[in-house]
Amino acid sequence: MIWIVADSAQELKTDRDHGLIVAPLGIIANGEPMPENFTSEDFYNTQQQKGVTLTTSQVSPAVYMDIFEDLLKNPEDEIIVISLASTLSGSYNSARLAKTSVDENRIHLIDSQNISFPMMLLVQEALDLRKQGKSAKEIVDILEEDKKKVRLLGLVPTLEYLKRGGRISAATAAIGELAGIKPILTLEEGKVAVPLKVRGMKKAYNSMARLAKEWDIDLDRPVIFGYTGLDPQPSKTLKEAFESQLETTFNCDDLEGCYVLATHTGPEGAVVGFFVK
């Protein structure tokens, strides 16, 4: 069995029957862990309370060790770990440390260099490749190439949450406070970047679609649209902009972004993940 292990900085959940295990990053509110099994309503209500700051904590080496030891009970078993960008979290390093303690040869690590939907695309691809009968080495080799081709584009009404979490500077965050200016976000080499700034929400949505076109989005591969918050409308609006600009139709659901993403972006965001050619 080739097990796929990912952390919760992407949207898929543990599905042991299909060989997927998700290691949770902690969500911390003012230094205290959020209660187990909290809902989306709990999360966003807490995030918007005055004086409350949400942060995330990495998956610990001990948690990964427990997962690895549980999954490698049979000598033919192997594990492929797909982690949140190592530039954003220590979870990758935790997995590396656990690997050295458990089994150097049967555990394979991939730094996705991304978060959320692009990372989810890589996890889905790993599951598909395994279903096709690929070996662990073949899957890792393919994903190491494809992680260079996944892209994230996001739009949020405020950069305040990214500033609080130290993901962007106060100077960059100030851009978002200018009247009508909407920064479009992405990750470059695992770090938050602002490739484009436009005036007005409608133009921002259309600009995201044009940027994806300029980057040579691969429409023959999966595209995932999503949102942060309790209202999926930002995702629907973004999808409509992509359909108009790219002259195609996307038959996919609007997915709620993971809590790790939402911790740093806040609610009312629109996000898309895709491959480029």
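**View A. Strand β1 is largely enclosed.** In this predicted model, six of the six residues of β1 are buried, so the rest of the structure largely encloses the strand. Buried here means under 20% relative accessible area. Ile2, Ile4 and Ala6 point one way from β1. Trp3, Val5 and Asp7 point the other way. Both sets are buried.

**View B. Four strands form an open sheet.** The strand order is β2-β1-β6-β7, and the pairing is parallel. Strands β2 (20–23) and β7 (107–111) stand at the edges. Each has a single partner strand, so one side of each lacks a neighbour in the sheet. From one strand to the next, the twist averages 20°.

**View C. Strand β1 meets β2.** The two strands run parallel, and four bridges join β1 (residues 2–7) to β2. Ala6 has Val22 of β2 as its bridge partner. For Asp7, the bridge partner in β2 is Ala23.

**View D. Strand β1 meets β6.** Five bridges join these strands, which run parallel. Val81 of β6 is the bridge partner of Val5. Val5 is also among the buried residues of β1.

**View E. Helix α4 packs on the sheet.**
Strand β1 pairs with β2 through four bridges. Helix α4 (residues 116–131) touches β1, β2 and β6 (78–83). The direction of α4 makes about 175° with that of β1.

View F. Strand β7 is one of the edge strands.

Terms used. Residues are numbered from 1 along each chain as its sequence is written. This is a predicted model: local features need pLDDT of at least 70, side-chain atom pairs count only at pLDDT 80 or more; totals for chains, interfaces and linings use all residues. Side-chain values use heavy atoms; hydrogens and water are left out. Two strands pair if DSSP finds at least two bridges between them. Axes are lines fitted to C-alpha atoms, for helices over the stretch in contact, and angles run from 0 to 180 degrees between N-to-C directions. Contact means heavy atoms within 4.5 Å. Buried means under 20% relative accessible area, exposed over 50%, partly exposed in between (1.4 Å probe, protein chains only).
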